[in-house]
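The following note comments on the arrangement of two chains and is meant to be read beside the structure. Please keep the display open while going through the points.

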Amino acid sequence: MRLGLESLKCVACGLCETVCSMNRDSTLTPMSSSIILHVEDKADYFGLVLKTQDEGLVVARPEGQSGEQGAGSSGPGAKPILLREPCDLCGGDPRCARICPTGCITVVD
Amino acid sequence: MYLCNGRACIMDLSTGEASEQELSEELLMKGSAVRLADSLRDEHGDALVLGTGLLTGSLVPSACAGLISSAKGTMPLLGFAGVELKLAGFDFIVIKGESPEPGYLWARDGIVEFVSSPSMASMDSWDRTDKIRADQGDRRIQVVSAGPWGDSMREASSIAVSHWLGEDDAFMGAEFGRRKLVGVAFRGMGELEVSDAEGHLTASLALRADHASRLGQSAGLASYWDKARDSGFSSLLHRVVACFGCPHPCRSFLKVNEDPRLMALSAKEPGYLHFDIPSLDAATSTGMGSGDITTSFMECAKAGADPSSVIGAGATDLAGVRKMLAMGDAPVRTRSSATGSFRAYPTFDDCIALGLCPRYWAKAGLDLDAVSECAEPALGRELR
């Protein structure tokens, strides 16, 4: 099982990165999430970066997805995703996929 | 204390000193951010207050809203501004006095400081936003900025929230200008505790599913403003964009400086994020096309000038808008009662009080009992 990301369905609502923290704590925060929104708002450019256990970073850019080893942060001021825990799929029922309102994030068997 | 920080920052611009004021759970749980902001303004005298609602940043659908309150009224803070403000560590920031020199407030990690920046006085609101993000090293910093019109205390000056205009129905720009405040920046690196995380998630998803069954899929601004379905508008549409936590977004980005179908990062300023319905109504009534409207709104946003006032003063085309911006003034065109203004939604008071988007909840049908069912697992108590 893994997460499928269709970045063109993303509307940048930020819910995925907010609920991710609930897997480890009763808190809402994007700072400990394994998935982050990359946003360049003035250019209307946005996509998702997911830290996985098996594939490294999966970068879902609007122009196409790639797996890569990159900085993958929201900027140097935020906690870089490489320093975060990889996604453990919430033990089998990923909250990011549950809460994504557009079907951008899905569970793929 | 769940879903809130329990404190306000009091910043005195005349001295540059910041202090903290504790906000009791009882006070915050009373549930009206608007009333609490008014109370803080009264307490601290002629203050400008930025704040958040009890539910801002929660999983209740569209819980994105914060507010700015001044003697001129209250405007919502949408996009990611409300949630980033709360996650920066404060429920409210009270700004009093006037600075001796231009600068901005920078809030993060429970710290607020005044950053003196005289060079920003000559910048437009977009350059200010870009410079603050570059200087502080984070692209997701939210910047509430007055432009040159606000600095000059023009009546029709409007606050841009991370580049875009549309929330300021109260014309707050002059309030920033007279304090020599070129902007307020915040980045949320904190967290909000919730009492029953799974219960909050489950209840919020159930309510959202009920809304979705009635609203269907969002078409962006076209779901809220019929003229966005016109071919001139839709041919320039790049993507639909949501505020934090919104399942039925109202924001449509039009590209005018590159092909709207281009998805890769290319032009730095390709277009504009449209959600300012009163200004769009004013602009379309002149016969302007979507391309010129988009360019006009970009230039108004940089200047910090309300587009509906600029166009209402007689500009009927892009050249007219540019002429009006160069002249540097236009009489205020009342926005607060205009169709599609945030202030005009009957949901405004209840929603801003709690931290919810008035436009989404006007569309979905505000049901405070249903909101309570979502909120109470997070709060661990009744929502009053």
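In which sense do strand E9 (residues 142-145) and strand E11 (residues 181-187) of chain B pair, and over how many bridges?

1. The model discussed here is predicted. In chain B, E9 and E11 pair in the antiparallel sense, and four bridges link them. Within this pairing, B:Gln142 stands opposite B:Phe186 in E11(B).

2. These strands belong to an open sheet of five strands in chain B, ordered E8-E7-E11-E9-E10, with mixed pairing. Its edge strands are E8 (111-116) and E10 (160-161) of chain B, each of which pairs on one side only.

3. Helix H4 (residues 125-136) of chain B packs on this sheet, where it touches strand E7 (103-108), E9, E10 and E11 of chain B. The direction of H4(B) makes about 145 degrees with that of E9(B).

4. The contact between the chains takes 31 residues from chain A and 43 residues from chain B. On the side of chain A that touches chain B, at least two residues each are supplied by helix H1 (15-19), strand E2 (27-28), strand E3 (35-40) and helix H2 (95-99) of chain A. The largest share, three residues, comes from H2(A). By residue class, this side of chain A divides into 16 nonpolar, eight polar and seven charged residues.

5. Strand pairing also links the two chains: E2(A) is joined by two bridges to strand E12 (residues 192-193) of chain B, and the two strands run antiparallel. Here A:Leu28 stands opposite B:Leu192 in E12(B).

Conventions:
Residues numbered from 1 in each chain as written. Chains lettered and ligands numbered in written order. Predicted model: local features only at pLDDT ≥ 70, side-chain atom pairs only at ≥ 80, totals over all residues. Contact = placed C-beta atoms within 7 Å. Nonpolar A, V, L, I, M, F, W, Y, C, P; charged D, E, K, R; others polar. Pairing = 2+ DSSP bridges. Axes fitted to C-alpha atoms, helices over the stretch in contact; angles between N-to-C directions.
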